[in-house]
Amino acid sequence: PASLFEITTSQGGELGGEITLEFGYDPSILDGATDDISQLAVAYYDEEYDAWQETEFETDENTSKIIVKTSHLSLWSIFFQDDKYITSTLPGFTIYFNKEASAPVIGSVASGDPIYEYASIVRTGLYDASKAYSGLNLKLPEHTRVYIDQWDADKEAEWGWFSKNIEIPLTYIDEQELHMVSAHELFHAVQNQYATFVTMSSNRWFMEATADYAAAHVATSYGLKDQLPYSYIKSGINSSQTFHMYQTAHFIKFLVDNGFGFKDLFESVMTGNGDALANLNTFLNSRGSSLSEMYDRFVYDVVFTSRIGMQNLEGDVYTGISTHQLELDLDAGGSINQMVSTGSNFAASLCGVKFTSQKDEAVPVSISAIEPTSGIRVQYVVANGPGKADAMESGYLTHEPVEIFAGDGDYLYFIVTNFAPN
């Protein structure tokens with residue numbers, strides 16, 4: 001930092017409203033051929049994260065002052081652009097990259113220096129994404145700063161919640177991935193045009209899921225990079241587990257593939273009155289469907305079709321996915337009662353029953369849901385084998401018995417889905 005300013009009040013670091021801070025700077029150390037604002041940065045020290053957090057500001061070049069509006073008082077600093085940083089601009093962006101940093105070699109390196117090629121790939125990714133998002137008439141920020149540099153080894157690309165800048169480390173070695181990372185982070189800036197940081201943070205699962213979908217299917221045509229694990233359905237779609245939030249992009253794709261336009265879905269959820277989950281259900285209701293209906297269909301496709309991009313299944317549906325693996329000898333008769341728990345809303349559990357018999361004919365089997373908890377729905381699936389493509393018949397269960405026919409080698413599955421609000 002070039003200058004440090006400690007600003008406090010007797011009431012602590014947070015104010016009840018917004019105030020304006022003005023900092024003076026020395027214009028003689030700046031490049032007169034470039035706007036002052038593009039060579040400056042302003043940040044406050046965030047003690048919780050032990051890091052400087054950049055923030056938006058304006059400059060008055062006539063008086064050489066930096067103007068910041070904030071409700072946060074603490075240690076503030078002015079940063080000047082270092083000579084080692086190169087500036088690249090395109091409409092809506094200023095890209096800063098460290099020319100001395102060691103970048104991985106990607107592609108042919110037409111410029112002769114990997115760091116310049118790396119920055120060029122980021123630039124292309126941002127340009128294409130901006131054009132695609134604008135083509136959907138989504139709201140875009142007027143200007144975004146992008147920093148490319150060598151940080152710690154565990155640093156990942158991110159859009160700053162406070163600074164609203166994009167930071168991209170030199171850790172990506174694939175051109176397509178670098179395009180998608182740039183598009184993903186830019187979509188967070190798009191989201192911020194519809195919602196505050198607080199709203200985005202409390203609904204982060206939707207932010208990451210839609211950013212991943214937008215990068216894979218709007219900004220590019222690369223498609224979702226990571227396949228979905230079968231364990232996904234065991235946690236709710238709004239789970240805050242890190243990998244799970246990104247994996248929910250598969251559910252967003254499922255909705256779009258079933259006729260729900262991405263722009264309408266996204267903007268309806270972002271501008272609704274409830275949380276993202278409630279707003280998504282409201283949107284689907286307005287289109288003649290519901291979140292519970294679409295989630296049920298999604299889980300069925302996950303387990304019994306190839307329409308969702310899934311990881312390789314170890315074993316089969318009965319041995320590889322079913323939480324409960326039961327067997328019933330049709331010749332001996334009798335009954336099975338099984339308690340199945342689904343721990344969170346918009347999650348599912350699978351119970352499998354394998355039928356055995358010495359006879360060649362199918363016999364009637366009565367099935368029912370015994371006192372299902374409120375918010376629980378039970379879908380049954382009859383299959384003539386243990387594989388994903390073996391499903392023959394399906395329907396929903398209540399406490400009223402349903403009669404199916406099963407023979408030796410057939411399977412019966414129960415998809416138990418939790419739609420309870422808590």
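The model is predicted, so local features need pLDDT of at least 70, side-chain atom pairs count only at pLDDT 80 or more, and totals for chains, interfaces and linings use all residues. Residues are numbered from 1 along each chain as its sequence is written, and side-chain values use heavy atoms, with hydrogens and water left out.

Start at strand 10, residues 144-149. Helices (H or I, at least four residues) and strands (E, at least two) are DSSP runs, numbered from the N terminus. Buried means under 20% relative accessible area, exposed over 50%, and partly exposed in between, with a 1.4 Å probe and protein chains only. In a regular strand the side chains alternate between the two faces of the sheet. Here both faces are covered: Thr144, Val146 and Ile148 lie on one side, and Arg145, Tyr147 and Asp149 on the other.

Strand 10 has parallel partners. Strand 9 (residues 93-98) joins it through 5 bridges, with Thr94 partnered by Arg145. Strand 12 (residues 166-169) joins it through 4 bridges, and Val146 stands opposite Ile166 there. Two strands pair if DSSP finds at least two bridges between them.

Now the helices. The axes of helix 1 (residues 114-135) and helix 2 (residues 175-191) come within 8 Å and cross at roughly 50°. Axes are lines fitted to C-alpha atoms, for helices over the stretch in contact, and angles run from 0 to 180 degrees between N-to-C directions. The two helices are therefore oblique to each other. Angles under 35 degrees count as roughly parallel, over 145 as roughly antiparallel, 65 to 115 as roughly perpendicular and the rest as oblique. The contact (heavy atoms within 4.5 Å) includes Tyr118, Ile121 and Tyr133 of helix 1 and Leu178, Leu186 and Phe187 of helix 2.

Helix 7 (residues 262-271) and helix 8 (residues 276-286) pack at an angle of about 130°, with their axes 8 Å apart. That makes helix 7 oblique to helix 8. Among the residues in contact are Leu265 and Val269 of helix 7 and Leu280 and Phe283 of helix 8.

Helix 6 (residues 249-257) buries Ala249, His250, Phe251, Ile252, Phe254 and Leu255. These buried residues pack against helix 4 (204-217), helix 5 (242-247), helix 7, helix 8 and helix 9. Just after helix 6, Gly259 takes a positive phi of about 100°.

Further along is an open sheet of 5 strands, in the order 13-14-19-16-17, with mixed pairing. Strand 13 (324-329) and strand 17 (391-397) stand at the edges, each with a single partner strand, so one side of each is left without a neighbour in the sheet. The twist averages 20° from one strand to the next. Strand 16 (residues 376-383) and strand 19 (residues 411-418) are antiparallel over 8 bridges, and Val381 stands opposite Tyr413. Helix 9 (residues 291-304) lies across strands 14, 16, 17 and 19, at about 30° to strand 16.

Last, the cores. A nonpolar core is a set of buried Ala, Val, Leu, Ile, Met, Phe, Trp, Tyr and Cys residues joined through side-chain atoms within 4.5 Å. The largest has 90 residues, and Tyr118, Tyr133, Phe206, Phe251 and Tyr295 have the most contacts inside it. Apart from it lies another core, of 19 residues, among them Val353, Tyr380, Leu412 and Val416.
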